[in-house]
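Dear colleague,

My findings are set out after it.

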Amino acid sequence: MPFSLNPAAVWPVVLLCLSNVFMTFAWYGHLKFKSAPLFVAVLASWGIAFFEYCLAVPANRIGHEVYSAAQLKTIQEVITLLVFAGFSVFWLKESLTWNHAVGFMLIAAGAAFVFKG
């Protein structure tokens with residue numbers, strides 16, 4: 001499917017980017033606060049995840065006008081890797097190494113096959 005500036009093609013990507021920021025914080029943000037009790041981390045993560053769902057569900061509903069479900073999931077996974085890479089460097093202060101880059105590239109290469117006609 002060729003790239004289009006059709007709002008049904010663009011808005012899902014924008015919404016999935018935003019939703020992934022929320023979900024990354026929900027899943028991994030608490031790692032910076034290991035002294036907090038686990039139940040607090042779970043409740044905080046659940047609250048953050050609510051906003052992720054408020055963005056991801058419309059993204060998939062709108063996106064399914066243009067993309068298949070497999071393509072939407074693939075877009076979401078690639079965005080997740082990009083968001084997570086930035087999150088891990090800037091929030092968790094963890095380094096990404098060459099093997100991370102190679103692994104991410106292999107995943108991106110695999111994702112490209114989902115969009116082949």
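The notes that follow concern the helices, a surface patch and the aromatic rings of this predicted model.

I begin with helix H2, which runs over residues 38-63 and comprises 26 residues. Its first and last C-alpha atoms lie 36 Å apart, close to the 38 Å expected at 1.5 Å a residue. The buried residues of H2 are Ala41, Ser45, Ala49, Glu52, Leu55, Ala56, Ala59 and Gly63. Their cover includes helix H1 (7-28) and helix H3 (69-90).

Helix H1 also holds Asn20. This residue counts as buried because its relative accessible area is 4%, under the 20% cut-off. Beyond its neighbours within four places in sequence, Asn20 is in contact with Gln76, Ile79, Thr80 and Val83.

On the surface, a nonpolar patch is formed by Trp98, Val102, Met105 and Leu106, with about 490 Å² of accessible area together. Leu106 belongs to helix H4 (residues 98-114) and is exposed, with a relative accessible area of 60%.

As to the aromatic residues, a search of the whole structure gives eight aromatic pairs. In one of these, Phe50 and Phe51 are arranged edge-to-face, at 5.3 Å centre to centre and with 80 degrees between the planes. Phe50 is partly exposed at a relative accessible area of 48%, and Phe51 is likewise partly exposed, at 44%. Elsewhere, ring pairs link Phe25, Phe33, Phe87 and Trp91 into a cluster.

With kind regards

How values were computed. Residues numbered from 1 in each chain as written. Predicted model: local features only at pLDDT ≥ 70, side-chain atom pairs only at ≥ 80, totals over all residues. Heavy atoms only, no water. Patch = residues over 30% accessible without salt bridge, like charges linked within 9 Å, V, L, I, M, F, W, Y side chains within 5 Å. Areas by Shrake-Rupley, 256 points an atom, 1.4 Å probe, with all protein chains shown as cover. Salt bridge = Lys/Arg side-chain N within 4 Å of Asp/Glu carboxyl O. Helix = DSSP H or I, 4+ residues; strand = E, 2+ residues; numbered from the N terminus. Buried < 20%, exposed > 50% of the residue type's maximum accessible area, 1.4 Å probe, protein only. Expected span 1.5 Å × (residues − 1). Contact = heavy atoms within 4.5 Å. Phe/Tyr/Trp six-rings, centres within 6.5 Å; stacked < 30°, edge-to-face > 60°.
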